[in-house]
Amino acid sequence: MTPRLETFTAHDGLHYRYRPAEGDAPLLVFANSLGTDLRVWDRVVALLPQSWGLLRHDKRGHGLSLARAGLTIETMASDVEALLDHLGIDRFAGIGLSVGGLIMQRLALRRPAAMTHLMLADTAARIGTPEIWNPRIEAVLGGGIASISDTILSRWFVPAYAGSEDFALWRAMLERTPAQGYADVCAAIRDADYTADLARIAVKTLVVAGSSDASTPPALVRATAEAIPGARFVEIADAGHLPCVEQPASFAALLREHLA
């Protein structure tokens, strides 16, 4: 069978890839982490049924998407809504990684009738503090992402992964992210706190965390799951902040089970 590929296109300055669902198959909408583009999901989507629909995009100031002033979690959620409306999508499962998880938390409340399932990975309702984010923003704007990339990568992956053949490619993805785009998303994360809203999420929710995640530690992610009514929490072994990269088979299996 010839693989059904996502189309490469843009809308309102957003680069996205879309593959419609076939028949009654689910349609998955993904939101990426800080410093990555839509390719962070490649290994997971390759393991999903060909009939499933896919919508992936690059956040503002990341990948091929254009930057825009005044970026917040709310405006990034609005970007996703604009794509949903543009493509006529009225039913979907939301999957969010890190800051993408913040975005999907908003969509779960904005479009509860449309979102059938929610999967949050390595995220929380509040991630970090100004004391963490402000120095990072200053460092990136002053010296570029490469000046702090070693620290970031040590939080993304378990130590053994640094010896893998493709580790350098993930470093390249990170370091080629525009400094201003990265800093803008850092500020958006810094200013977001949706702790009080978790109890209002009514979508069937799965929350996962890499067992060695140093950016959003498993205890923080578990606490987020415990605040969402009926949510299930699973820890993925041998993974840091990006289990969809390090353990795609485990991630995809959990996603398939959740949607089943």
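In this predicted model, Glu81 sits in helix H2. Is this residue, Glu81, buried or exposed? Its relative accessibility comes out at 13%, and buried means under 20%, so Glu81 counts as buried. Setting aside residues up to four places away in sequence, Glu81 touches Leu107, Arg110 and Arg111.

Two of those partners, Leu107 and Arg110, belong to helix H3 and take part in its contact with H2. So how do the two helices meet? H2 covers residues 73-87 and H3 covers residues 99-110; their axes come within 9 Å and cross at roughly 65°. Angles of 65 to 115 degrees count as roughly perpendicular, and H2 and H3 are therefore roughly perpendicular to each other. As for handedness, the crossing of H2 and H3 is right-handed. On the H2 side, the contact is made by Ile73, Glu74, Met76, Ala77, Ser78, Val80 and Glu81, while H3 brings in Val99, Leu102, Ile103, Arg106, Leu107 and Arg110. Sorted by type, the residues of this contact split into eight nonpolar, one polar and four charged.

Ile73 also turns up in another part of the picture, the nonpolar core. The largest such core has 92 residues, and Ile73 is one of those with the most contacts inside it, along with Leu28, Trp41, Leu48, Phe157, Val208 and Phe251. Take Trp41 from that list: what is it in contact with, leaving aside neighbours within four places in sequence? The residues are Phe30, Ala31, Asn32, Arg56, Ile95, Leu97, Cys244 and Phe251. Phe251, then, is in contact with Trp41 and is itself among the residues with the most contacts inside the core.

Key
Residues are numbered from 1 along each chain as its sequence is written. This is a predicted model: local features need pLDDT of at least 70, side-chain atom pairs count only at pLDDT 80 or more; totals for chains, interfaces and linings use all residues. Side-chain values use heavy atoms; hydrogens and water are left out. Axes are lines fitted to C-alpha atoms, for helices over the stretch in contact, and angles run from 0 to 180 degrees between N-to-C directions. Helices (H or I, at least four residues) and strands (E, at least two) are DSSP runs, numbered from the N terminus. Angles under 35 degrees count as roughly parallel, over 145 as roughly antiparallel, 65 to 115 as roughly perpendicular and the rest as oblique. A crossing is left-handed if the near helix is turned anticlockwise from the far one by less than a right angle, and right-handed if clockwise. Contact means heavy atoms within 4.5 Å. Ala, Val, Leu, Ile, Met, Phe, Trp, Tyr, Cys and Pro count as nonpolar, Asp, Glu, Lys and Arg as charged, and the others, Gly among them, as polar. A nonpolar core is a set of buried Ala, Val, Leu, Ile, Met, Phe, Trp, Tyr and Cys residues joined through side-chain atoms within 4.5 Å. Buried means under 20% relative accessible area, exposed over 50%, partly exposed in between (1.4 Å probe, protein chains only).
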